[in-house]
There are 2 protein chains.
Amino acid sequence: MASAFDTLNERIRDVADLRHAADLVEWDERVCMPNGGAPTHGEMQGTVRRLAHEKFTAAEVGDLLGRAQDELRSADPDARDARLLAVTARDYRKATQVPAAYVAEHAHVVSAAQHAWGDARQANDFAAFQPHLEKVIALKRQYVGFFPGSVHPYDVLLDDYEPGMTTADVQAVFDVVRPKQVALLKAIAARPAVDDAVLRQPFPESTLLQFSVEVASAFGFDWTRGRQDKSTHPFATAIGCDDVRITTRFMDRYPLSLLFGTLHETGHALYEQGVGRAHHRTQLEGGASLGVHESQSRLWENLVGRSRPFWEHFYPLLQARLPEPLRGVSLDHFYRAINKVEPSLIRVEADEATYNLHVMLRVELEIALVEGRLDAAGLPAAWNRLMEEYLGVRPPDDASGVLQDIHWSAGLLGYFATYTLGNLISAQLWERFGAAHPARDADIGRGDFSTLLSWLRSEVHEHGRMFEPQELVRRATGSPVDPAPYLRYLEGKFGEIYGL
Amino acid sequence: MASAFDTLNERIRDVADLRHAADLVEWDERVCMPNGGAPTHGEMQGTVRRLAHEKFTAAEVGDLLGRAQDELRSADPDARDARLLAVTARDYRKATQVPAAYVAEHAHVVSAAQHAWGDARQANDFAAFQPHLEKVIALKRQYVGFFPGSVHPYDVLLDDYEPGMTTADVQAVFDVVRPKQVALLKAIAARPAVDDAVLRQPFPESTLLQFSVEVASAFGFDWTRGRQDKSTHPFATAIGCDDVRITTRFMDRYPLSLLFGTLHETGHALYEQGVGRAHHRTQLEGGASLGVHESQSRLWENLVGRSRPFWEHFYPLLQARLPEPLRGVSLDHFYRAINKVEPSLIRVEADEATYNLHVMLRVELEIALVEGRLDAAGLPAAWNRLMEEYLGVRPPDDASGVLQDIHWSAGLLGYFATYTLGNLISAQLWERFGAAHPARDADIGRGDFSTLLSWLRSEVHEHGRMFEPQELVRRATGSPVDPAPYLRYLEGKFGEIYGL
């Protein structure tokens with residue numbers, strides 16, 4: 001007779017297949033779908049996701065979980081089966097704690113809110129978005145109520161993206177990062193600006209695309225298990241570990257974003273392609289958290305892709321492809337241009353030295369909203385005050401201020417912190433890898449990324465969702481999430497560039 | 001309280017969404033999927049199709065059908081709701097008559113058989129495929145047993161592709177077509193061969209692709225509700241009526257097949273785009289049968305796309321695009337070249353005057369296999385004998401004979417007849433439309449297809465699966481499937497080309 005554990009896993013495989021199908025439908029929607037297909041795609045998406053949820057939250061799954069826990073009672077809690085069962089039980093508990101009526105209302109509210117947000121941003125009219133945002137915030141506070149016993153209400157929201165991470169953890173880390181990064185920015189602002197006019201030239205899209213593909217290949221992207229396309233907003237999606245897709249886009253305004261966007265998404269994709277095959281079609285497939293995922297994308301985009309050793313190898317190749325725009329531009333000039341620091345209004349265009357400040361501002365506002373210390377009406381003023389305080393710039397309007405991100409309209413409160421956690425973790429991994437492999441920079445300078453990738457594979461990728469992020473980071477680096485390596489990295493890199 | 005009929009329709013919408021998702025996964029597999037994703041796609045495909053089947057065949061659906069039949073007892077049987085209910089009940093009856101264990105075994109056997117067929121064809125080794133074919137035939141005979149009461153066992157297989165059509169119907173029609181088409185072919189063979197060397201020149205793929213898209217647009221393909229891609233074998237797929245996708249391919253050996261293939265798939269796509277929106281997410285969505293579907297693809301590919309009026313409009317445009325290969329080639333020369341008749345070994349390369357003979361040979365062999373008059377071991381000899389009899393050519397080996405088609409290895413017995421039924425129906429529609437619209441050829445000669453398309457829309461497309469093929473054809477043309485118009489068409493067209 002099959003064990004309850006085996007029967008449970010068989011059930012979950014159906015759920016995983018439905019999720020894969022829904023993810024593929026979503027990819028198609030963003031890459032292939034003709035416009036007229038939108039309603040049909042919405043129907044498919046809704047039905048397939050609903051059925052996956054129904055199958056996962058069925059009472060029978062709860063029964064099987066209970067019986068499987070009895071079966072594995074004496075197993076080593078760190079062994080793979082025990083971890084799989086624990087993670088499945090955690091996910092089941094969370095999924096069943098939220099009433100179906102709430103899920104339906106949430107879907108309804110955020111659908112309208114996203115639409116209103118798009119219009120409001122276009123019209124620079126926060127007041128038109130405010131009632132929608134109020135509904136979203138009310139729903140989030142209601143959501144918190146489904147999980148009694150959390151120390152801080154925001155813990156509940158964070159936990160959906162960063163399992164096990166608390167508001168106190170995040171605040172402790174951010175309180176260290178913020179003043180140091182504000183001080184660094186002030187020091188940089190006092191130095192002569194870097195000239196990056198060279199990057200604003202007309203680079204041909206096809207050349208950059210081919211070059212990006214070559215770099216992604218050098219990083220180790222497996223094209224037999226993945227592909228790249230164009231889309232309005234770059235993203236990565238995994239239909240399991242064997243079909244991992246990335247997208248990119250071309251912007252006349254900043255052509256090289258095609259390259260850096262590709263490297264970023266390649267980082268996400270390398271993670272998914274590296275998840276252990278044993279986790280396929282279980283609750284352990286995919287990345288440990290959004291923060292850990294972001295650590296991989298930022299590591300390949302910035303710590304590798306905006307480093308001097310990387311360009312020592314790749315700059316001559318790029319120059320050969322783009323002789324006109326890069327004629328007479330030295331490696332040092334190019335390196336400084338792609339690392340120019342400049343406080344700006346828009347998060348997604350921010351450089352490494354300012355990005356976290358955009359994030360911390362949002363997290364601070366979110367916590368205040370969830371605690372009830374701030375309401376939607378007070379957001380624009382609070383936003384502008386913090387922009388001034390952290391970045392020294394003040395948005396001329398709400399469109400380039402509080403209305404710039406889609407996240408809140410989509411109900412994604414608790415999400416932003418993961419961007420900065422990703423940066424911090426990327427530097428922890430980077431430093432640890434460098435300590436263990438002194439040839440790190442020399443290897444990269446030769447275009448050899450194999451040691452780095454196989455270290456990330458064994459320390460991070462292959463575990464999938466086996467460990468919560470704090471534990472994963474501790475196992476890989478010897479410490480939980482720690483801001484010191486990232487601050488050392490920033491101060492070292494920009495200290496050299498700006499002669500601080 | 002919701003009626004049983006409404007509740008039933010709500011249930012079916014979930015089934016339709018799952019089928020749409022499975023169809024999209026299949027499209028992706030053939031167009032986008034990286035090779036490594038094949039196992040994951042197989043899992044998704046299997047699970048989503050199984051869940052669609054489970055949901056459709058659930059006992060509750062049977063209960064709802066019974067109660068809805070009570071509710072609609074006094075409705076006009078031709079009204080839309082009554083037709084919907086009748087078709088849903090028919091589909092339910094058929095789907096529930098086949099045991100799940102059979103479906104699983106069938107999937108298993110044809111998966112192995114298709115693999116073995118690929119190898120056997122490659123190696124020209126029928127004996128290696130024979131045991132697999134024997135299993136497929138045994139399964140088909142077992143399948144027939146699930147539907148007691150059919151007049152002829154082959155009726156059961158036919159009915160899956162051509163609802164309501166019987167073996168006697170098909171044989172009566174084929175018995176008229178076969179001798180006439182054999183005689184026509186003999187008469188053509190006695191005339192000087194047409195010179196089609198002009199078609200074997202190197203036409204650039206991109207030019208043909210662009211030209212094909214222009215013709216498809218002129219036919220009325222709606223690109224806001226569809227797209228075209230490349231794939232190994234051309235096909236059309238519909239994710240409902242608002243997302244209809246076609247594919248094409250380029251072959252150096254016969255470049256214009258890209259164009260004719262596109263016109264063929266556009267015919268299928270126009271049908272799907274024209275299915276009434278009221279049928280969306282019901283058992284009435286999609287085409288009435290494979291034969292009716294093929295009538296649309298063959299009509300646009302051949303009756304329009306290989307006609308003289310069509311090329312009177314489009315030949316100057318093609319010549320302007322391809323001045324080198326078509327320099328000095330007259331319209332008449334080109335028209336005769338694309339309509340060259342030549343008995344050949346391979347069905348998919350057959351011209352209009354020989355295609356049906358390939359089909360009828362297969363149908364005759366299938367009926368003998370199902371009746372038990374022929375066994376797998378006897379197939380190659382029987383195949384070669386009929387090729388000689390119908391087409392006057394004898395395959396030099398089984399790879400270009402009995403092993404050429406994938407259908408039998410895929411379990412698709414009963415399918416081939418639909419190709420010829422499609423040809424016959426296309427000519428019936430064509431003749432009827434011409435009688436009602438005497439300007440038919442003049443319109444086409446001006447590149448105007450709007451009257452033709454709107455006639456097909458109202459006579460065929462918009463009904464979806466409301467009527468069985470014989471009834472649909474009778475409603476549109478005044479007669480059930482009838483071979484006379486197609487024979488008149490063939491004799492007229494090739495009589496003129498070959499001076500018979």
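The model is predicted. Over all chains, 89 salt bridges are counted, while the number of disulfides is 0. Chain A and chain B bury about 2700 Å² between them, and 6 salt bridges cross their interface.

**Salt bridges within chain B**

- B:Asp70 and B:Arg73 form a salt bridge, with 2.1 Å between the closest N and O atoms.
- Of these two partners, B:Arg73 is exposed, at 61% relative accessibility, and B:Asp70 is partly exposed, at 46%.
- A salt bridge also joins B:Arg178 to B:Asp175, with an N to O distance of 3.3 Å.
- Both B:Asp175 and B:Arg178 belong to helix 8 of chain B, which covers residues 167-189. They are 3 residues apart, about one turn of the helix.
- B:Arg178 counts as buried because its relative accessible area, 18%, is under the 20% cut-off. B:Asp175 has a relative accessible area of 46% and is partly exposed.
- B:Arg200 and B:Asp196 meet through their side chains in a salt bridge of 3.0 Å, N to O.

**A network in chain A**

- Salt bridges with shared partners link A:Arg90, A:Asp91, A:Arg465 and A:Glu468 into one network.

**The interface between chain A and chain B**

- On the chain B side, 36 residues are in contact with chain A, and on the chain A side, 36 residues are in contact with chain B.
- Of the area buried between the two chains, about 2700 Å², 60% lies on carbon and sulfur atoms.
- The interface has 6 salt bridges by the rule used. One salt bridge between the chains pairs A:Arg245 with B:Asp28, at 2.7 Å from N to O.
- Between chain B and chain A, 18 residue pairs are in polar contact, counting pairs with both residues at pLDDT 80 or more.
- Three elements of chain B each supply at least two residues of the side that touches chain A: helix 1 (4-31), helix 2 (38-56) and strand 1 (226-230).
- Helix 1 of chain B gives the most to this side, with 10 residues.
- Sorted by class, the side of chain B that touches chain A consists of 14 nonpolar, 10 polar and 12 charged residues.

**Cysteines**

- A disulfide is a covalent bond between the sulfur atoms of two cysteines.
- There are 0 disulfides over all chains of this structure.
- A:Cys32 takes part in no disulfide, and the nearest cysteine sulfur, in B:Cys32, is 4.3 Å away.
- A:Cys32 is buried, at 8% relative accessibility.
- For B:Cys241, the closest cysteine sulfur is that of A:Cys32, 19 Å away, which is too far for a bond.
- B:Cys241 is buried too, with a relative accessible area of 6%.

Key: Residues numbered from 1 in each chain as written. Chains lettered and ligands numbered in written order. Predicted model: local features only at pLDDT ≥ 70, side-chain atom pairs only at ≥ 80, totals over all residues. Heavy atoms only, no water. Salt bridge = Lys/Arg side-chain N within 4 Å of Asp/Glu carboxyl O. Buried < 20%, exposed > 50% of the residue type's maximum accessible area, 1.4 Å probe, protein only. Helix = DSSP H or I, 4+ residues; strand = E, 2+ residues; numbered from the N terminus. Contact = heavy atoms within 4.5 Å. Buried area = accessible area lost by both parts, 1.4 Å probe. Polar contact = N/O pair within 3.5 Å; in protein donor to acceptor, adjacent residues only side chain to side chain. Nonpolar A, V, L, I, M, F, W, Y, C, P; charged D, E, K, R; others polar. Disulfide = S-S within 2.5 Å.
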